[in-house]
Structure formats: C-alpha cells, structure tokens
Amino acid sequence: MGTPWDRPAARYLEEWVPRFVPYHLDLVQELALTQGQRVLVVSAGPGAEVLAVARAVGDRGAVRATELTDELVSICDEQVKKAGFASVSVEKAGPTDVGAGNWNAIVCAFGLWTMPDRTAVLKSWAGALSAHGKVGVLTFGPSDKDDPFEMLADALRELEPNAQATPAGIASDRDAMAKMFEEGGLSLVRHTVLRHTVSFPTAEAFTDAIREGRTWRRVWEELGPERMGLVTARFYDRVGGPTAPLSFEPAVTLAIAARPGAEVELMSRPSAKAPPLASQPPPPRPSRPPPDPYKD
C-alpha cells in the first residue's frame, strides 16, 4: 500500500537529491569505508547515499538499502541498476530490520526525524554492528533564521498558527546527539556541521520544490492554494519577491557513533576509540597489594 510520500517521490528526486548529494558524499567519506565492507543504508530514499556507499565498498562489498515506501524502493532500485551495482540489494523494510547484522557501517541520511522511537532503532543498530562498526547519520540543523526553510516556516506560524508542520530534523547540537546515541547504547565519536551552497533561480522555484516534500505537501493540501498563497506571499516579501534568486548554505549535522570502547576508523582520525557511556561508571582501578615490610 502506498503512502502520501509516494506521489512526490519522483519530483523530490529531481529537485532535492542533486542539491544535497554533497552532504551524502561528505558522510560516506568521513566514514572511511573501504573495499569489501558490508554496509546497511536505512531510510535510503531515492538512493543518493546508496550509490556513494556502493562506490566506496566496490564489487567485493555488500550494501543493503531499506526503505518503507513502495515508490522510493522502486526509485532507489532503479538508480542502483542504472549505475550497475550488482552488490546492492534494495528492500522494503523498517529501520529496525537489520538483516544478518555484522555491518561495518550503518548509514542514515536525513531519516532519523521520521522515526518516533529512535532509542529502539539505535539499539537495534548497535546490536548489528561488527566489532569495529560505526553508525553515520545526517540531520538538518542547527536552525538558522535566515535560512529559507526557516523563513517559510516562520511565515506559516505567523499566518496559520494552528497548522501542523513537523520539522524535518531533530535536536542536532553535540550534547543532544550524544544523549540520543547513548540512550541507544552508542557513543558519539564525531560531530560536525556541514554547509554546501544550494541555489534556486527564483524564490517561486524554491516554494514549488518544497511543496513536494512529505511535510510541506501535506500542509499545502490541508490549507489549500488560497491560504498557502498568503503564506508564500509573506515569504516572498522577506526574500525580495517571487522572482528573486535564492542561494543559501543549509546547516546539516554529521554525527558518527560506535559501541563504547570500539576502535573505529574515520577519514579525519585513522584510529578513534569510542568513549564509555556517561551513564556507566568507569571500571575500578586494580587495587595494589600492601607493601611487604620484610622485603628489601
């Protein structure tokens, strides 16, 4: 059975995936994946990160990509076959379906916000990692008031305060991410904010594209064209009009975690040891025997 996300999936592939590919590439590079490794890609969407992972692990590697909607599974599978990656399997499955496990890496780009029980998801991932495995995620944030996404959301809140627009992100600061991972049995080993330039020829082209996302499409349908027309007009006033070009650098947080004590390899650090969980006391120091008074 399809979901409301199935309909705009093809348009999303056209409008948004090329603009966010640089963020996917950063994540794959920072994970320092090598030929022959096994990687699980969760909430794979149209598959941009799947292709980047497949290139990194090569024909000797194995990539399992999972997604919940039929349309996105179909699009991702089509992209994989077009690229000729025989080592990639694309399946309809939820985020806690970790398959055979023993993954060298588990990747999730811009998908955590859709998972209401993130603790359960992260626990399932933690249990499915290899000894030196790692989890790598991307999420939107920190928020920026001059970001067009936030400016459009502000216009919606001002004119339609009762409209529900779920933000496509989670708390992304270091402390919040560390706490989230710890609740799932993982330790944060890398946290950084990425910025790449995203451009649209006009502000109107931006709003036309954003309405195809799963959150904003629902808002458009609930409010109708007339009421959303007032919201977008307020937005256009703030960016210089509907024909004004837009160029901005959305902030995206990259975070990598591993099981406590695991030695992992990152691009920025050839050897990083995941710290113990803050909720766990450090192991006791071995006690020393008392000195022998009869020993010289």
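These legends describe close-up views of a predicted model.

**View 1. An open sheet of 7 strands.** The strands follow the order E3-E2-E1-E4-E5-E9-E6, and their pairing is mixed. Strand E3 (88-92) and strand E6 (187-195) are the edge strands. Each of these two pairs on one side only. On average, neighbouring strands in this sheet are turned by 15° against each other, direction ignored. Strands of a sheet pair through backbone hydrogen bonds, either parallel or antiparallel.

**View 2. Strands E5 and E9, side by side.** Strand E5 covers residues 129-140, and strand E9 covers residues 251-258. The two run antiparallel. They are joined by 6 bridges. Look for Phe140, which stands opposite Val252 in E9.

**View 3. Two helices that pack on the sheet.** Helix H2 (residues 17-30) touches strand E4 (103-109), E5, E6 and E9. The direction of H2 makes about 155° with that of E5. Helix H7 (residues 174-183) packs on the sheet too, touching E5, E6 and E9. The direction of H7 makes about 140° with that of E6.

**View 4. The tilted pair of Trp16 and Phe149.** A search of the whole structure finds 15 aromatic pairs. One of them joins Trp16 and Phe149, with ring centres 5.6 Å apart. Their planes meet at 40°, so the pair is tilted: the angle is neither under 30 degrees (stacked) nor over 60 (edge-to-face). Trp16 lies in the loop between helix H1 (9-15) and H2, while Phe149 lies in helix H6 (residues 148-159). The pair therefore ties together parts that are 133 residues apart in sequence. Trp16 is buried, with a relative accessible area of 5%. Phe149 is partly exposed, at 23%.

**View 5. Phe149 again, now with Phe206.** These two rings form an edge-to-face pair. The distance is 5.4 Å centre to centre, with 65° between the planes. Phe149 belongs to helix H6 and Phe206 to helix H8 (residues 203-210), so this pair ties together parts that are 57 residues apart in sequence. Phe206 is buried, with a relative accessible area of 0%.

**View 6. One aromatic cluster.** Trp16, Phe149 and Phe206 are among the members of one aromatic cluster. The cluster also includes Phe20, Tyr23, Phe110, Phe140 and Phe200.

**View 7. Arginines over rings.** The charged end of Arg19 sits over the ring of Phe200, 3.7 Å from the ring's centre. Arg38 lies over the face of Trp103, at 4.2 Å from the ring centre.

Methods: Residues are numbered from 1 along each chain as its sequence is written. This is a predicted model: local features need pLDDT of at least 70, side-chain atom pairs count only at pLDDT 80 or more; totals for chains, interfaces and linings use all residues. Side-chain values use heavy atoms; hydrogens and water are left out. Two strands pair if DSSP finds at least two bridges between them. Helices (H or I, at least four residues) and strands (E, at least two) are DSSP runs, numbered from the N terminus. Axes are lines fitted to C-alpha atoms, for helices over the stretch in contact, and angles run from 0 to 180 degrees between N-to-C directions. Contact means heavy atoms within 4.5 Å. Rings of Phe, Tyr and Trp (its six-membered ring) pair if their centres lie within 6.5 Å; planes under 30 degrees apart count as stacked, over 60 as edge-to-face and the rest as tilted. Buried means under 20% relative accessible area, exposed over 50%, partly exposed in between (1.4 Å probe, protein chains only). A charge sits over a ring if NZ of Lys or CZ of Arg is within 6 Å of the ring centre and within 35 degrees of the ring normal.
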